[in-house]
Amino acid sequence: MGWAVGTITNHANRLGLSFDREAVRAATDARQVDLKDRRQRIQEQLLDLAERAIGRAQERYLVHGWTHTGESVAEWLHEPPAKETKDFTLAASSALTSALKLAQVDAGDESRENARGLLATLGEAMTTAARELGGDDADEYGS
């Protein structure tokens, strides 16, 4: 818009608007929780899909075709033919791989939280040790 920051700030103040980032942070956190829930639901659906594909690769299979005279014929096999078994296996493998990738996304969040907790604990222990060893010098450095 080509306006100075001060002009925008004055207009925002006059309109009762603020640049408070807490609301944005809260909305972002809520969105992350919603996305995690959605990933977990999709992961469950992928695992169900993989399970069904594995089951289909192991169950009776109806083969349908036509004779040279144009008559319809069908025959039940004890298990699917090799090509269909391969297709079911690939479908199961793909679904499992996708489910695993979704699980790793959320595991990364948990790993970061665990690392933060470990670093906070380590920081507190170091601050305590510094106070015990050197008096109040640790406070001069913001520890």
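With which side chain does the side chain of aspartate 106 make a polar contact? The partner is the side chain of arginine 39, at 2.6 Å. The model is predicted, with a mean pLDDT of 85 for the protein and 90% of its residues at 70 or more.

**Confidence by element**
- Strand β2 has the highest mean pLDDT among the elements of the protein, 96.
- The lowest mean pLDDT, 49, belongs to helix α4, residues 137-140.

**Helix α2**
- Helix α2 comprises 37 residues and spans 54 Å from its first C-alpha to its last, close to the 54 Å expected at 1.5 Å a residue.
- Its buried residues are Arg39, Gln43, Leu46, Ala50, Ala53 and Ala57.
- In general, an α-helix has 3.6 residues a turn, so residues three or four places apart point the same way.

**Nonpolar core**
- The largest nonpolar core consists of seven residues: Leu46, Ala50, Ala53, Ala92, Ala95, Ala99 and Leu102.
- Two or more residues of this core come from each of α2 (22-58) and α3 (82-134).
- Helix α3 supplies the largest share of the core, four residues.
- Alanine 53, a member of this core, is in contact with Phe88, Ala91 and Ala92 when its neighbours within four places in sequence are left aside.

**Aspartate 106**
- Aspartate 106 lies in helix α3.
- Aspartate 106 counts as buried because its relative accessibility is 8%, under the 20% cut-off.
- Residues up to four places away in sequence not being counted, aspartate 106 touches Lys36, Arg39 and Gln40.
- Arg39, whose side chain makes the polar contact with that of aspartate 106, is itself one of the buried residues of α2.

**The β1-β2 hairpin**
- Strands β1 (residues 61-66) and β2 (residues 72-77) run antiparallel and are joined by six bridges.
- Leucine 62 is placed opposite tryptophan 76 of β2.
- Five residues lie between the two strands of the hairpin, in which glycine 70 adopts a positive phi near 90 degrees.

**Methionine 126**
- Methionine 126 is also located in helix α3.
- Its relative accessibility is 53%, and methionine 126 therefore counts as exposed, the cut-off being over 50%.
- Between methionine 126 and threonine 9 there are 43 Å in space, C-alpha to C-alpha, and the two are 117 residues apart in sequence.

Note on methods
Residues numbered from 1 in each chain as written. Predicted model: local features only at pLDDT ≥ 70, side-chain atom pairs only at ≥ 80, totals over all residues. Heavy atoms only, no water. Pairing = 2+ DSSP bridges. Core = buried A, V, L, I, M, F, W, Y, C linked by side-chain atoms within 4.5 Å. Buried < 20%, exposed > 50% of the residue type's maximum accessible area, 1.4 Å probe, protein only. Contact = heavy atoms within 4.5 Å. Polar contact = N/O pair within 3.5 Å; in protein donor to acceptor, adjacent residues only side chain to side chain. pLDDT = per-residue confidence, 0-100. Expected span 1.5 Å × (residues − 1).
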